[in-house]
Amino acid sequence: NLLCNAAISVTYLNSAVDLYNSVAETVEVGVAKANNMAVDISDMTVGSFTVSATAAVDGVSVDVRRVTFDTITWSFASTANALLGSITDSNISNTISVTVGGYTNGGTIINRTNAGRIAVGGIFNAGSSFQVDQCKVINTVSTITTAFMNSATFTASLLEIRRTVIDTNGIFAFFSNGHIYAGAVHRLTNNFIRTTHTVRITTGTEPKQAAIGYYYANYFYAGSVLEMSNNEVSVGTNYSYGLYVRP
């Protein structure tokens with residue numbers, strides 16, 4: 001039962017961090033590298049929560065449940081093997097950010113969680129995945145143009161969004177500019193996507209739009225797959241697209 005401005009630094013290779021029933025301004029778990037490290041956070045109210053590693057990690061799990069945070073940042077600068085991450089039944093008022101230098105044989109899932117924005121980056125390799133299920137991503141900040149931002153590269157890996165609401169007053173509800181290579185699958189099913197942005201862009205490259213629901217700004221390479229089914233997309237103005245995939 002902690003009530004403070006908490007900064008936690010974990011430096012051992014085999015460590016466990018278990019925090020619950022606490023209130024703090026910041027929680028930071030920072031390591032150089034880690035093997036078989038477990039981070040378990042539940043029933044907390046925190047301003048910002050950060051897990052980071054500057055070198056390779058193996059067998060790390062990060063489990064976040066029933067929390068109220070401003071931001072969550074997971075940053076793994078090097079390779080991450082068998083990294084298992086989950087955020088469940090939580091409220092994140094600002095941004096969930098996940099970046100992995102090289103992700104293999106692991107997965108991150110966000111389930112039954114509210115967020116202001118989700119941002120995914122890095123490199124997802126064979127056997128890795130990023131999944132969002134039964135969530136609400138509601139962006140009301142006018143200076144943020146994208147509610148769900150994917151800048152990660154996927155190879156023989158999975159990005160899946162299902163049964164989720166993505167709603168924004170910015171230009172893009174969902175924006176992806178990472179490469180999708182052979183064996184990668186982007187699966188978007190049973191989602192409600194909406195942007196209420198109405199001011200048309202008249203400069204720069206095509207598309208010159210007011211708003212786009214799903215926007216893929218980079219390429220699908222041979223052997224990659226885009227699966228879409230049962231999506232409802234609302235853009236509500238002329239010069240807009242429900243789906244735009246750059247040729």
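Buried means under 20% relative accessible area, exposed over 50%, and partly exposed in between, using a 1.4 Å probe and protein chains only. The model here is predicted, so local features need pLDDT of at least 70 and side-chain atom pairs count only at pLDDT 80 or more, while totals for chains, interfaces and linings use all residues. Residues are numbered from 1 along each chain as its sequence is written, and side-chain values use heavy atoms, leaving out hydrogens and water.

**Exercise 1.** Work out which residue forms a salt bridge with Asp-133, and where the two sit.

- Start with the rule: a side-chain nitrogen of Lys or Arg has to lie within 4 Å of a carboxyl oxygen of Asp or Glu.
- Now place them: Arg-163 is in the loop between strands S16 (158-162) and S17 (165-168), and Asp-133 is in strand S12, so the pair ties together parts 30 residues apart in sequence. Strands are DSSP runs of E, at least two residues long, numbered from the N terminus.
- Check burial: Asp-133 is buried at 6%, whereas Arg-163 is partly exposed at 42%.

**Exercise 2.** Decide whether Arg-194 and its salt-bridge partner Asp-167 are buried or partly exposed.

- Confirm the pair first: their side chains meet at 2.6 Å, N to O.
- Next, locate them: Arg-194 is in strand S20 (residues 192-195) and Asp-167 in strand S17, 27 residues apart.
- Arg-194 has 33% relative accessibility, so it counts as partly exposed.
- Asp-167 comes in at 12%, so it counts as buried.

Conventions:
Helix = DSSP H or I, 4+ residues; strand = E, 2+ residues; numbered from the N terminus.
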